[in-house]
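Open the model in your viewer and keep the selection tool ready. We will go stop by stop.

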Amino acid sequence: MDTNIMMRRSWAEIDIEQLKRNYYVYRAHLPSDAEIMAVVKADAYGHGGVRCALALQDIGVAFFAVATIKEAIALRENGVRGEILVLGYTPIEFAWAIAKYDITQTLVSEEYAERLAQVSGTMIKCQFAIDTGMNRIGLDVTDKKRCAEIISKYSKVFELNGIFTHLCVADSESESDIEFTKKQISSLGELVESLGDVNLKYVHCMNSAGGLFHSFKDFGIEKNIVRLGIILYGLKPDISNRLPDGIKPVLSWKTVVAAVHTVKSGEGIGYGRSHIAQSDMRVATIPTGYADGYSRHLSNKGYVLIRGKRADIVGRVCMDQMMVDVSDIPDVTVEDEVVLLGESGEEVITADDLAAIAGTIGYEIVCDISNRVEKYVLR
Ligand SMILES: *Cc1c(COP(=O)(O)O)cnc(C)c1O
């Protein structure tokens, strides 16, 4: 059996050229001396971590961020050469890998730094996370003196090349959120000033939204960095955001019509018979379900595109299949292409659109696309 042929069951198409365009468009909005750290955690938000990192490396990106040590190792083993920062906790048992693969590890707390110091023989690369108000990880910035002491102490234990914080409302346009973000940024700046002779190469705070909607802060160090995630993939940090012209989704998700049949008025469709036909209807069954990562929360709510028209999901999304109403789309036949995310004729459906229906964010829609969905790079 040739398993290399494209399997037209449920697949994603990755437009690598669009990924690069998104990078260039975003880059043009930053001060010229700013650097972009490509956030390729979670398999590049479902787009393929190694392939996206390598494509960006080709156009000059030298900083990458991931969430786990295994994601970092996968990048290294596949030829990513730049700095790779693990943004969160790594189990202490994996400390050896930080050194071996020349990874930069985030120190999530003072206690974590101490535990890591106990087991790491060599000067591993690290950066301290600073908590400026999100209450997730990092040293509490409200006690600057204490922060400075800890940073100074561990700068002698590790190759401490930076500190960073994370913004939690940078995607919001409300006045109080804008104020909050400014405060987060300025408190990091004040901490840097109080550090005196500790020599940090990298101080960074911007995510996609921060770099686009907030003015860039020059921390007076070697490199100003934006940690660019979601917008690289052409999606919005928040549904209310407006992205610069030229930024478009990189991923399309497609499937096909597996079967078409008639459902008589009064009959139920799918598990729980949650949709009862109000009149005779034509229904197409498509081979994508929640095990492929298509949210079950879209049952009876979401829609797909067939022949440039919308077809509503009828009944519950099953594990491997779902049913859609094609009564108003003439001539739907087996093997017709079905667009779950992307364009069909004049119609478009984005991860942000689906997220709004499912009550989540675009990030989750693309991250949830499972391994069963084959990914193909468009050429
Ligand atoms: C995920 C993440 C980012 C990227 O955020 P986007 O909103 O996708 O740009 C940046 N920094 C940290 C610490 C993160 O965890």
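An oxygen atom of the ligand sits 2.8 Å from a polar backbone atom of Ile 230. Taken alone, the ligand exposes 390 Å², and the protein buries 92% of that. Keep in mind that this is a predicted model.

Next, select Gly 229. A backbone N or O atom of Gly 229 is 3.0 Å from a ligand oxygen atom. Now move to His 166 and show its side chain. An N or O atom there lies 3.4 Å from a nitrogen atom of the ligand.

Which residues are around the ligand? Pick out Val 39, Lys 41, Tyr 45, Leu 87, Arg 136 and His 166, then Asn 207, Ser 208, Arg 227, Gly 229, Ile 230 and Tyr 363. Color them by class: five are nonpolar, four polar and three charged. The largest pocket is the space that the ligand takes up.

Leave the ligand and select the cysteines. How many disulfides are there? The count is zero.

Go to Cys 168. The closest cysteine sulfur belongs to Cys 205.

Last stop: Cys 367. Cys 367 is in no disulfide either, and the nearest cysteine sulfur, in Cys 52, is 12 Å away. With a relative accessibility of 35%, Cys 367 counts as partly exposed.

Note on methods. Residues are numbered from 1 along each chain as its sequence is written. This is a predicted model: local features need pLDDT of at least 70, side-chain atom pairs count only at pLDDT 80 or more; totals for chains, interfaces and linings use all residues. Side-chain values use heavy atoms; hydrogens and water are left out. A residue is near a molecule or strand if one of its heavy atoms lies within 4 Å of it. A polar contact is a pair of N or O atoms within 3.5 Å; within protein, one must be able to donate a hydrogen and the other to accept it, and residues adjacent in sequence count only if both atoms are side-chain atoms. Accessible areas come from the Shrake-Rupley method with a 1.4 Å probe; for residues, only the protein chains shown count as cover. On a 1 Å grid over the protein atoms alone, a cavity is a set of points where a 1.4 Å probe fits but cannot get out, and a pocket is an open set with protein on both sides within 12 Å along at least five of seven lines; lining residues have an atom within 4 Å of a point. A molecule sits in a cavity or pocket if more than half of its atoms lie within 2 Å of its grid points. Ala, Val, Leu, Ile, Met, Phe, Trp, Tyr, Cys and Pro count as nonpolar, Asp, Glu, Lys and Arg as charged, and the others, Gly among them, as polar. A disulfide is a pair of cysteine sulfur atoms within 2.5 Å. Buried means under 20% relative accessible area, exposed over 50%, partly exposed in between (1.4 Å probe, protein chains only).
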